[in-house]
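Subject: Structure for you to look at

Dear colleague,

Please find the structure below, with my notes after it. Read them with the model open beside you.

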Amino acid sequence: MSERKRKRGDRRDARWVSEAPALLKIMPHLMPNRTDCEVYLNDTIDATELVKFLEKKNAEHPEYKTTLFHAFVVCVARMLKERPKMNYFVQGRRLYERDDIFLSFIVKRRFSDHAEESLMTVIPKDEDTLDTVSRKIYGDVRETRKSEHATDGIDVWLERFASLPRIVLMIVLRIVRWLDFWGLTPKELTKGDTNYASVLLSNLGSIKGPAVYHHLNNYGTNSIVVTIGTLHKQEMTMPDGTKEIRDVFDIGATLDERIADGFYFVRSLNLVKYIFAHPELLDKPLGERSDYDYK
């Protein structure tokens, strides 16, 4: 975790944004439930340059296959580094900024209807690049699929909770939700839990699915869910007015409107598009800023 001096009002994993504008302080009291504050964005991302970039990279390093999803994970991480309000969350009717970036997604252990799912989290650091993150995801997914059952983190706790009698489970989860409100949830219960992620990513394109709306949850601290659709060909109008057939994919993003305004959200989305148009930025350490002009 990032080193920081803990102040009164801070959580174990985040800093209380006590200097937030008055509106952002009042909104959690007027709208205390995250599911009541959802904003949905959907757009089409031009991935043509990224596809070329990945083809070259994979030809040079055939032992590892860097995928569009790996690139999207790093792209989102870079966006969060440059756009810190996108790493905010509201819990306990207060606005907080996370100490670190947590990107979560779900891995299907087998591509079958009855296969179990496992929750996975990536915590990118300033020195990370597309190569280091891609290899970590590749290795973690491979290890996860070696086992038929959960072996670590929140998956184990879910199995333990699920075995409790219904009345006991109701009481236990009421206590967990109370701890969640006050920021006292034990670290063992939040480790790897997508409900505590900066961004929850769902790669529906990997199963030939479309980008869809995905709700937020009141439990936890997750403020952003992004779904990714299937890569496909589509005619697009270029900046000079001409039309071209491009490689594109659709995204759907659900956000908690209490963490920032629409202007901030749209600029963050534009940064994502810029990175995909200039994929060489993915090879730069995350601690180095892009040259995107926000004007």
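Phe102 is buried, with a relative accessible area of 16%; the cut-off for that word is under 20%. Phe102 sits in the loop between β4 (94-98) and β5 (103-108). Its C-alpha atom is separated by 5.9 Å from that of Val122, which is 20 residues away along the chain. Please keep in mind that this is a predicted model.

Two other loop residues have backbone angles to check. Most residues other than glycine have a negative phi. Arg93 is not a glycine, yet has a positive phi of about 60°. Arg93 is in the loop between β3 (88-91) and β4, and counts as partly exposed at 37% relative accessibility. Lys208 also has a positive phi, near 60°, and is likewise a residue other than glycine. Lys208 belongs to the loop between β7 (199-203) and β8, and with a relative accessible area of 69% it is exposed.

Next, the salt bridges. The count comes to 19. One of them pairs Arg246 with Glu49, with 3.9 Å between the closest N and O atoms. Arg246 is in strand β10 and Glu49 in helix α2 (residues 48-60), so this pair ties together parts that are 197 residues apart in sequence. Which of the two partners is buried? Arg246 is, at 11% relative accessible area, whereas Glu49 is partly exposed at 31%.

Arg246 also forms a salt bridge with Glu244, where the closest N and O atoms are 3.0 Å apart. Glu244 is partly exposed, with a relative accessible area of 34%. Through shared partners, salt bridges join Asp46, Glu49, Lys52, Glu244 and Arg246 into one network.

Another salt bridge links Lys57 to Asp283, the closest N and O atoms being 3.1 Å apart. Lys57 lies in helix α2 and Asp283 in the segment after α8, so the parts tied together here are 226 residues apart in sequence. Lys57 is buried, with a relative accessible area of 9%, while Asp283 counts as partly exposed at 35%.

On the cavities: how many of 30 Å³ or more does the structure hold? There are two. At least two lining residues come from each of β2 (38-46), α3 (68-82), β8 (224-228), β10 (243-256) and α8 (262-277). Helix α8 gives the largest share, four residues. By class, this lining has 14 nonpolar, two polar and one charged residues.

The second largest cavity holds about 40 Å³ of space. Its lining is made up of Arg11, Arg12, Asp13, Gly183, Thr185, Thr190 and Tyr196. By class, that is one nonpolar, three polar and three charged residues.

Last, the surface. Ile167, Val168, Met170, Ile171 and Ile175 form a nonpolar patch there, with about 470 Å² of accessible area together. Ile171 lies in helix α6 (residues 166-182).

Regards

Terms used:
Residues are numbered from 1 along each chain as its sequence is written. This is a predicted model: local features need pLDDT of at least 70, side-chain atom pairs count only at pLDDT 80 or more; totals for chains, interfaces and linings use all residues. Side-chain values use heavy atoms; hydrogens and water are left out. On a 1 Å grid over the protein atoms alone, a cavity is a set of points where a 1.4 Å probe fits but cannot get out, and a pocket is an open set with protein on both sides within 12 Å along at least five of seven lines; lining residues have an atom within 4 Å of a point. Grid points are joined across faces, edges and corners, and a volume is the space filled by probe spheres set on the points. Ala, Val, Leu, Ile, Met, Phe, Trp, Tyr, Cys and Pro count as nonpolar, Asp, Glu, Lys and Arg as charged, and the others, Gly among them, as polar. Buried means under 20% relative accessible area, exposed over 50%, partly exposed in between (1.4 Å probe, protein chains only). Patches are made of residues with over 30% relative accessible area and no salt bridge: like charges are joined within 9 Å, nonpolar side chains (Val, Leu, Ile, Met, Phe, Trp, Tyr) within 5 Å. Accessible areas come from the Shrake-Rupley method with a 1.4 Å probe; for residues, only the protein chains shown count as cover. A salt bridge is a side-chain nitrogen of Lys or Arg within 4 Å of a carboxyl oxygen of Asp or Glu.
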